[in-house]
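I opened this notebook page to look up charged side chains and how they pair. The entries below follow the order in which I checked them.

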Amino acid sequence: MNDNHILYDIAVIGGGINGAGIAADAAGRGLSVFLCEKDDWASHTSSASSKLIHGGLRYLEHKEFRLVREALAEREVLLKKAPHIIHPMRFIMPHQPHLRPAWLIRTGLFFYDHLGKRETLAGSNLVDFQAVNSPLKAEITRGFEYSDCAVDDARLVVLNVMQARELGAKAVTRTRCLGAKRVQLNTLQNIWQIELEKEQGAYQIQAKVLVNAAGPWVAEFIQQDLHLNAPYGIRLIQGSHLIVPKLYDGQKAYILQNDDQRIVFAIPYLNKYTLIGTTDKEYLGDPNRVEITDEEIAYLLDASNDHFKTQLSRKDIISTFSGVRPLCDDESDNPSAVTRDYTLALSQENDGAPLLSVFGGKLTTYRKLAESAMGHVQAFFPEMKKMWTASSVLPGAENFSSAEDLAAQIQDKVSGVSAELAARWVNAYGTRIWKFIQQAASVHELGQDFGHGLYAQEVDYLVECEWAVSAEDILKRRTKLYLEFSADESLQLDQYLQALHQRRAQEDAA
Ligand SMILES: Cc1cc2nc3c(=O)[nH]c(=O)nc-3n(C[C@H](O)[C@H](O)[C@H](O)COP(=O)(O)OP(=O)(O)OC[C@H]3O[C@@H](n4cnc5c(N)ncnc54)[C@H](O)[C@@H]3O)c2cc1C
């Protein structure tokens, strides 16, 4: 059938974590769902985060108790949903008595330990750095330790989209929504007529409910593409990170307090690196073009150098990334204090087709946000099934016992797989790994070797099953191999992909 004639229950605009989560939840409740993303899944804010599933210790200072309680509880839910891409992590906060007194931190950690349901994550404790081999400067002698989790943010998005598709959703990348208008379907029903544009041309679909999950573009989409008034303002707050060679051994992260009352994380990243971030800076430019500034680099290097024995300079920086938080404008003067909570706005001008817009939201709370979105549209779909996502796993977490078990099984079955490669596969694909390993008994049977443990069968799988189109999709978001690949190696991968896409297009045409 021509797409122009399809009437979906819900069309979701925006393939970041919020759009992906809503699409998956809606599809699992039996609704027909369309999800479109103008670029690649997670190509904007949702791949530029600090990659934490966390309660947000510092939000307690801003009295965001609702958000923190929900986020703390979500850590345990999401750990079960996706144990391959989410891992518990201990965080160490060096004590800086001139910034926050010990009683304040202890009170905060008491709330952190008890506000949300905690089943597997360990509670907080004091640390004496003199008794351990500390990477911190000698004058930092005491601190606190607590639990949160680390996540592969871009993969959290793609796994939700995969789940949506497996439940019947139509999900397309590189498809921009140009606009939508309310039209009368019949005397009883008003629907959305939605204009879409992809490389091959423009087309239309129809939907009963339109969900605007355009992240940093949420307000612009309402005003410029729908020609309506946005119910809330949006504040774009830039945040940047540095990737540097591993600053210290071990798997614990550090939460560093700064003189400006902000905090900066130093997080172990991909075994070889430390991720240092983030900043909070009002952003007024085009969200497509956000880049780290000189001032942010200096700020993050200073924060690290003030605490760690290993001193960093600009030449140590391997890579950087920046994103903009699409926050609901609460008119705070201080960018760090703008609420991190989300707001959903349902509008239905003159009983017309409903529009649901997402303002704000964190990776950590995406599942609860999606549940809340479904609550908002329930009245339009009385047959809709009940909440289901808390107890279901994401693709790759089916029959997942432990990362170690799965890595051992892989190494047992496929000769030549190093421990490092097995760990990368497990942490990206979980039990879906067998989809591309298939019958291979050795790495040499996995096809062309692009270097750094990337073989053709993985690339083909990513194209076939995870919407990968370019080398950047594969190296930056589906894997994090961009930190290893040279420009020549990336070019080789792009050439392979171009040939693959051409072959597929010819097969489709035949
Ligand atoms: C520096 C930083 C650190 C962070 N750290 C954390 C953290 O550690 N933990 C945490 O929980 N949260 C964190 N967050 C917050 C979290 O990353 C964001 O709240 C979340 O990713 C926002 O997701 P989104 O889906 O709303 O937006 P996005 O990920 O930006 O997705 C919106 C998508 O909509 C698409 N789009 C827009 N217009 C159209 C259109 N017309 N047609 C089609 N597609 C369109 C865009 O291309 C984009 O991909 C952080 C954010 C930042 C910036």
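I call a residue buried under 20% relative accessible area, exposed over 50%, and partly exposed in between, with a 1.4 Å probe and protein chains only. I worked on a predicted model, in which local features need pLDDT of at least 70 and side-chain atom pairs count only at pLDDT 80 or more, while totals for chains, interfaces and linings use all residues. Residues are numbered from 1 along each chain as its sequence is written, and side-chain values use heavy atoms, with hydrogens and water left out.

Salt bridges. I took a side-chain nitrogen of Lys or Arg within 4 Å of a carboxyl oxygen of Asp or Glu as a salt bridge, and the count came to 36.

I looked up D153 and K51, whose side chains form a salt bridge at 2.8 Å, N to O. D153 lies in helix 4 (residues 153–166) and K51 in the loop between strand 2 (33–36) and strand 3 (52–53), so this pair ties together parts 102 residues apart in sequence; helices (H or I, at least four residues) and strands (E, at least two) are DSSP runs, numbered from the N terminus. D153 is buried at 0% relative accessible area, and K51 is buried at 6%.

I then noted R66 and E70, with closest N and O atoms 2.7 Å apart in a salt bridge. Both belong to helix 2 (residues 65–81), where four residues put them about one helical turn apart. R66 is partly exposed at 38%, whereas E70 is buried at 12%.
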